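Subject: Structure for your review

Dear colleague,

Please find below the structure that I am handing over to you. I would be grateful if you read my notes with it open beside you.

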Amino acid sequence: MGDVRSLAIAALIVAAVAASGCGGPVLRAQESVTFGVLLPFSSGMPGAARAALRGAQLAAAESTGAGAAHIVLMVEDDRGIPEVAATLFGRLMEQQVVAVIGPLTDQTAIAVAPVAERAGVPIITPGATGAIPYAGSTVFRTSLPAQAQAHALADFAVRIRGARSVSMIHQGDDYGAAVALAFAQRLRDLGGDIVGTRLYRDGETDFTRHASGVTADEADAVLIVGYADEGVRVLRALREHGFAGLVLGSDALYSSDLLEWGAEDAEGMFLPAAFVASQPLPAVADFVGRFRSKYRQTPDHFAAQGYDAAKILAFAVRRGGRTPEAIRAALQGLRGFPGATGEITFGRWGGPDRPVAIAQVAGGAFEVVRR
């Protein structure tokens, strides 16, 4: 994507982005509001980062019109490194941003959360799924919580596909552990069994022992929890070792990176999704059409979640005002916001309350198989 550090993207966002017509101070067209965007472009999931940014950009561009406020998106590349994310968040504070879209991963969100809480600046992450310590009242998400996606995957595996025994391969970090533990608990509640668990480190490249272990487990299914760079290598190793059972993956694998890097190895894989472009819903069709027209590609759920994050912040500005305090208060009161991923209501801990779809990789694209 090139160097996106310190990239500033100006766009106009209509103050009346919310169809509900909620009250609040009306912004004059030339008033400026700055949102930060903190995403891992130089990482193991560059496609997901690009998609989230493009979704946010589209949300800005399509809202241009009479009565708009001038909003600047200050974009930083955290490289998926927690320490870098915390440092760059501080840099964004120096630029007087009133809210931040990002970070994308659990580890970077965990690093930024206490800094955001101390600064009183709200963040909306379009990717982090697990528990975020010290989040306080400033962290919100348009991404799928770990428990919600894990339960949906377990329900699908047992109730729809009849799987009873599952092996798990997951990244040994907060994200991998959160999804894997929630999946294991739900699977056992449904009468299933975890017959093997294997962890890997970020940056690992040889998954021979993981794949051979799954084959030896003779499991009905395998769950892969991680990001696309290692996830694709795991898939390739499983195929090379002849695994022919049900293959499940976590939400971080539902990205253009999987389709580009995984090719035929990813074919038939099932993934949880808050958004699937093929869903026959007017709101989804409208968003997909606009995204394709602008970027000449089909949006994944990272694009939709980035889009919703920007739309929600624009609504918060319209409803509450341009200060971090006012935006945070508006986010805390969000109920039934009409997003591309469905109606969004933030729960007590800033997570969205909504159903989870199951998508399958079919013919090099994502197709919904269960809503």
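Predicted model: local features only at pLDDT ≥ 70, side-chain atom pairs only at ≥ 80, totals over all residues.

The protein chain has a mean pLDDT of 87, with 90% of its residues at 70 or more. Over residues 1-30, however, pLDDT stays under 50.

Helix α10 covers residues 301-320. From its first C-alpha to its last it reaches 28 Å, close to the 28 Å expected for its 20 residues. Of these residues, 18 are buried, so α10 is largely enclosed by the rest of the structure. Just after the helix comes Gly321, which takes a positive phi of about 135°.

The second largest pocket has a volume of about 400 Å³. Its lining comprises 20 residues, and those nearest its centre are Gly130, Ala131, Arg141, Pro145 and Trp349. The elements β6, α4 and α5 each give two or more residues to this lining.

Thr138 is found in the loop between β5 and β6. Is Thr138 buried or exposed? Its relative accessibility is 1%, and buried means under 20%, so Thr138 counts as buried. The side chain of Thr138 forms a polar contact of 3.1 Å with the side chain of Glu117. Beyond four places in sequence, Thr138 also touches other residues, including Ala113, Pro122 and Arg328.

Yours sincerely,
A colleague

Methods
Residues numbered from 1 in each chain as written. Heavy atoms only, no water. pLDDT = per-residue confidence, 0-100. Contact = heavy atoms within 4.5 Å. Helix = DSSP H or I, 4+ residues; strand = E, 2+ residues; numbered from the N terminus. Expected span 1.5 Å × (residues − 1). Buried < 20%, exposed > 50% of the residue type's maximum accessible area, 1.4 Å probe, protein only. 1 Å grid on protein atoms, 1.4 Å probe; cavity = no way out; pocket = protein on both sides within 12 Å on 5 of 7 lines; lining within 4 Å. Points joined across faces, edges and corners; volume = space filled by probe spheres on them. Polar contact = N/O pair within 3.5 Å; in protein donor to acceptor, adjacent residues only side chain to side chain.
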